[in-house]
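Reader: I am new to reading protein structures, and I would like to go through one slowly with you. Could we begin with the sheet and then turn to the helices?

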Amino acid sequence: MRLYHNPRCSKSRQAVALLSESGIEFEEYRYLDLGIAEEDIEILSSLEGIIRTNEKEFKENKFDTNDIEAVKKALLSTPKLLQRPVLIKSENAVIGRPPEDLKTLF
């Protein structure tokens, strides 16, 4: 499992704690440093609500969040727009808002 994680985000920190306390092995993926992994772009771009529309970068460059190609392009060029935390397991992914939603994958 891979957790897209921003350590400055309280929900993301809660997700790390939840996974750790549950004994779940996962990769803590710091997407702001590493960018979006190419192998994850398809599943991430298909998640409803994956774009953080309250970010300045979105407001300055608005696009249709239902346009999968536009979402892919935005996530690859501006990883900050990724909603977090996101847990990916195989071909499934879930946004951890609230963090307890991640339990659907384990």
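Author: Two strands pair if DSSP finds at least two bridges between them, and the strands (E, at least two residues) and helices (H or I, at least four) are DSSP runs, numbered from the N terminus. Residues are numbered from 1 along each chain as its sequence is written. This is a predicted model, in which local features need pLDDT of at least 70 and side-chain atom pairs count only at pLDDT 80 or more, while totals for chains, interfaces and linings use all residues, and side-chain values use heavy atoms, with hydrogens and water left out.

Reader: In what order do the four strands form the sheet?

Author: In general, strands of a sheet pair through backbone hydrogen bonds, either parallel or antiparallel. Here four strands make an open sheet in the order E2-E1-E3-E4, with mixed pairing. Strand E2 (27-29) and strand E4 (92-95) are the edge strands, each of them pairing on one side only.

Reader: Which way do E3 and its partners E1 and E4 run?

Author: E3 (residues 86-89) is joined to E4 by four bridges, and these two run antiparallel; Lys 89 stands opposite Asn 92 in E4. E1 and E3 also run antiparallel, joined by three bridges, and Arg 2 stands opposite Ile 88 in E3. Between E3 and E4, which form a hairpin, there are two residues, and Ser 90 in this turn has a positive phi of about 55°.

Reader: Why does Glu 55 count as buried?

Author: Glu 55 has its place in the loop between H3 and helix H4 (56-60), and it counts as buried because its relative accessibility is 12%. Leaving aside residues up to four places away in sequence, Glu 55 touches Lys 80, Leu 81 and Arg 84.

Definitions and conventions:
Buried means under 20% relative accessible area, exposed over 50%, partly exposed in between (1.4 Å probe, protein chains only). Contact means heavy atoms within 4.5 Å.
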